[in-house]
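Subject: Structure for your review

Dear colleague,

Please find below the structure that I am handing over to you. My findings follow it, arranged by topic.

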There are 2 protein chains.
Amino acid sequence: MVIEYTQLYDFTKKILLQIGCPEADAKLAADVLLSADLRGVDSHGVARLSGYIRLWEKKRINAQPNIKTIYETPSTAVVDGDAGLGLVVAPFAMRVAIEKAKNVGTGWVSVKNSNHYGIAGYHSMMALEHDMIGISFTNASPLVSPTFSKERLLGTNPISVAIPAGEEPPFVADMATTTAANGKLEILQRKNADAPFGWVQDGEGRPTQDANGVKKGGALLPLGGDREHGSHKGYALGSIVDIFSAILSGANYGPWVPPFVAFLEPDPNPVGEGLGHFFGAMRVDAFRPTSEFKSHMDNWIKRFRAAKPTPGNPKVLIPGDPERELETERMNKGIPLLEPVFEDLQSLGEKFGVRL
Amino acid sequence: MVIEYTQLYDFTKKILLQIGCPEADAKLAADVLLSADLRGVDSHGVARLSGYIRLWEKKRINAQPNIKTIYETPSTAVVDGDAGLGLVVAPFAMRVAIEKAKNVGTGWVSVKNSNHYGIAGYHSMMALEHDMIGISFTNASPLVSPTFSKERLLGTNPISVAIPAGEEPPFVADMATTTAANGKLEILQRKNADAPFGWVQDGEGRPTQDANGVKKGGALLPLGGDREHGSHKGYALGSIVDIFSAILSGANYGPWVPPFVAFLEPDPNPVGEGLGHFFGAMRVDAFRPTSEFKSHMDNWIKRFRAAKPTPGNPKVLIPGDPERELETERMNKGIPLLEPVFEDLQSLGEKFGVRL
C-alpha cells in the first residue's frame, strides 16, 4: 500500500484538528511526524499517530498546551511543554535555541513536561537554514538495559547532529544510542527471523537472538552490544542524553520516563514532569567565517565519499545520505505503509470522521 | 615496576623543563599526563612522554607557545595553540569555556594548531569544581576506517562528558568512539592473543582477529564494529568530534591530522593547522538551581547503581567509577609501569640528565 505524501499529511493534520490542536500546531505536528515516514524511519511516523491519540484520550497529551520558557540566561533556557505533543514542543524549543544563538553565538535548551517528539533529526535540521549546527536529544520510555543491568533503565535516547555544508548536502547524524532501533526488531518479528547477538538480552539478562526478547521482558542493548564491544560507551551516551534532557530541565529520567504506550500507566511517584528533550544551536560564524567553514565541510564530505570501499560495498556514505535519498523518492512516489498500519489509520479515521 | 606518583610527576616535570617549557606549563602538563596513568589509561600517560619529546625535537611541538583566543562571541571562542603541547593548550581553552559559561551560561571553544592533549577526561572534569558540566573532544591521527571504508580517515576521536553530582561522585564518561582503544590491542599484542571480531579490519578492509592488524595496514573499527551492530553510529560520532574540533577551528581533519609518531611526516599539503579540540562548559544553574540538579543526579546515580545485575556480574557501574577507584589506589600505592616503558623513560632521563 503506497500513499501520496500530501494525502497522508492532510489526514494527519485533520485528525490532530479533531482532537483540538490549533491549526498551526496540527500542520507542524503533521510535518514533523511525516518527515519520519519520508526519511525511512517508519517506526516514528504515522505508524505512531494512533498511539499519540490514545495518550490524548488518557489526558496524558494536552492538545492546546501553553508552551513557555520558564528560565533563561543569554545562552540557555528551560522550556515547559505543558504536556503538549512533543512534535510541537520540540520545534518551539529549537526556535528558542536558534534565537539565543543569533544573539550570543550558541543556544542550549532543556525541555520538561513533553511527550514523544518524532525523529530527532527533524529538530536538529531546523538549524541548517540559519547556517547553524543543530543538536537534538530526547529521552524515552525505558527499554534499554545499561551494561551489566538486568533491568531496563534507559530509552533508546537518540542523538542527532546536523551540520551545514556548501555545495554538498548537509551532514545529518540521527541515531538511537542502542545497537539497533526497535523498528529493526519489528521487521525481524514479522519475518519470524532471529536477531543478531548484541541487539537484545532476555528477561534474565542473558544474550538472546529472540527478536521478541524485549516484549518477553528482556531489553534492547546499548550501542556496542556487550562489554567486550564497548556497550559501556553506548550506555554512557544514552545516560548523557537522559541527564541533559531531564535532569537539567526537571523532567522524568531513567526508569521513571512515562511509557509511550497508553495501556501502561506512568510511575505513580514521578521524579519530574513528562519526558525531556535537549537542543543546541551553534552559529558557524561564531567560530569562523561561514564560507570558510562550508568549503572545508565540502572538502571533508568529498574526501570521505571518495574513500576506497571495503570488499562488497559500493561506497562510503556520509551520515544523512540514505535518509535524504529516500526522502526524495518517497516525496515523489509516495510512502509505503504496511497493511496493519494502514488499517490502524483507517479505523482512526472512522472514529474521527476523517477519510484516508 | 611500580613507581610513586610524586616521583613520576617530578621526573616528567623536569624533562619538560629541560626542553624549555615554562615552570607553570611543565607542572600542568605533568599533571595532565599523569592523570592518565592514575586513571588507568596507561596508553595516554608517561608511556607517551618520549613521543612528545621526539615531536619537540622535530620542531613539531613548541615548548614556549603563545596560546591565544583569536576569535570570540559571548558564548564561543577559537583558540590558536601555537603548536604547543596539547597538555597545556587544552586546559587554557577549557578555562576560556568556563569563563564564558560564568558570563552567559555556557561556553564553547574550538582549538586549532594543537597537539595530543592526553586524556579527554582531564579537561572535561575541570568544569566540575565550578558546578558546570564539562565536555571535551579531540581529533587524532587517522587509525580508524569509517563503515565500508578500506582507508583510515578518522582518529579514535574521544568524547568526554563530566557531570557534577551532590553526595555521589561525579558522572565522568571518557571514551574513544571506536569499539576498542589502541591500548587494549597493545595488551593483546604482548600476550600474542587474538582480538575479538569487531575491533579491527585488515589492510583489505576485511574483518580480522589479528591484534597487529592495524600495524599491518588495517584499521581500528568505529564503535559498533560492523554495520549490523551499528558501526555507522560510531563512525558518525567520530566524525562529529572531527568536525567540531577541526572544521570549526581551522585545524587539520580526517586523514590530514598530523601523526603522533615523529617518524611519520605530516601531510605536505595540510588543510589546516595542527590538530583540533573542542570544549564545552555549561553552568548547571543556567538551567535550574544547583541543589535541585545535584539531588536528582544523586538519585539517578543511586538508582542505576542499585539495578539488578546480569548473571555473573556483581553490579552496575556509573561512568567514571572504575577510573576513580584506580586513581585512589594508584595515588596511594604507586603507578605500575611496564618494563619497556620504564626503560624508555630511563633512557629519556639519561639524555636530559634527569634521574628516575
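In chain A, 11 residues of domain 1 are in contact with 10 residues of domain 2. On the side of domain 1 of chain A that touches domain 2 of chain A, the residues divide by class into three nonpolar, five polar and three charged. Please bear in mind throughout that this is a predicted model.

The domain assignment of chain A places residues 62-178 + 224-333 in domain 1 and residues 180-220 in domain 2. Between the C-alpha centres of domain 1 of chain A and domain 2 of chain A the separation is 24 Å.

**The sheet of chain A**

Chain A contains an open sheet of seven strands, arranged in the order S2-S3-S4-S11-S5-S6-S7 and with mixed pairing. Strand S2 (68-73) and strand S7 (171-175) of chain A form the edges, each pairing on one side only. From one strand to the next, the twist averages 15 degrees.

**Strand S5, as seen in chain B**

Strand S5 (residues 132-138) of chain B is mostly covered, with seven of its seven residues buried. Met132(B), Gly134(B), Ser136(B) and Thr138(B) point one way from S5(B), while Ile133(B), Ile135(B) and Phe137(B) point the other way; residues of both groups are buried.

S5(B) has the following two pairings. With strand S11 (residues 275-283) of chain B, S5(B) runs antiparallel and is joined by seven bridges; here Ile133(B) stands opposite Met282(B) in S11(B). With S6(B), S5(B) is joined by four bridges, and these strands also run antiparallel. In that pairing, Phe137(B) has Ile159(B) in S6(B) as its bridge partner.

**The arrangement of the two chains**

How are the two copies related? Chain B superposes on chain A through a rotation of 180 degrees with 0.0 Å of shift along its axis, at an RMSD of 0.0 Å. The two copies are therefore related as by a two-fold rotation axis. Within chain B, the C-alpha nearest the axis belongs to Gly224(B) and lies 2.4 Å from it.

**The interface between chains A and B**

In the interface, 68 residues of chain B are in contact with 68 residues of chain A. On the side of chain B that touches chain A, the elements that give two or more residues are strand S3 (76-80), strand S4 (106-114), strand S6 (159-163), strand S7 (171-175), helix H7 (231-247) and helix H8 (290-305) of chain B. H8(B) provides the largest share of that side, with seven residues. By class, the side of chain B that touches chain A comprises 36 nonpolar, 22 polar and 10 charged residues.

Of the interface residues of chain B, 100% are also interface residues in chain A, so the copies meet through the same surface.

Yours sincerely

Key
Residues numbered from 1 in each chain as written. Chains lettered and ligands numbered in written order. Predicted model: local features only at pLDDT ≥ 70, side-chain atom pairs only at ≥ 80, totals over all residues. Pairing = 2+ DSSP bridges. Axes fitted to C-alpha atoms, helices over the stretch in contact; angles between N-to-C directions. Domains from an automatic or database assignment. Contact = placed C-beta atoms within 7 Å. Nonpolar A, V, L, I, M, F, W, Y, C, P; charged D, E, K, R; others polar. Least-squares fit on C-alpha atoms with pLDDT ≥ 70 in both. Buried ≥ 20, exposed ≤ 12 C-beta atoms within 10 Å, placed from the backbone.
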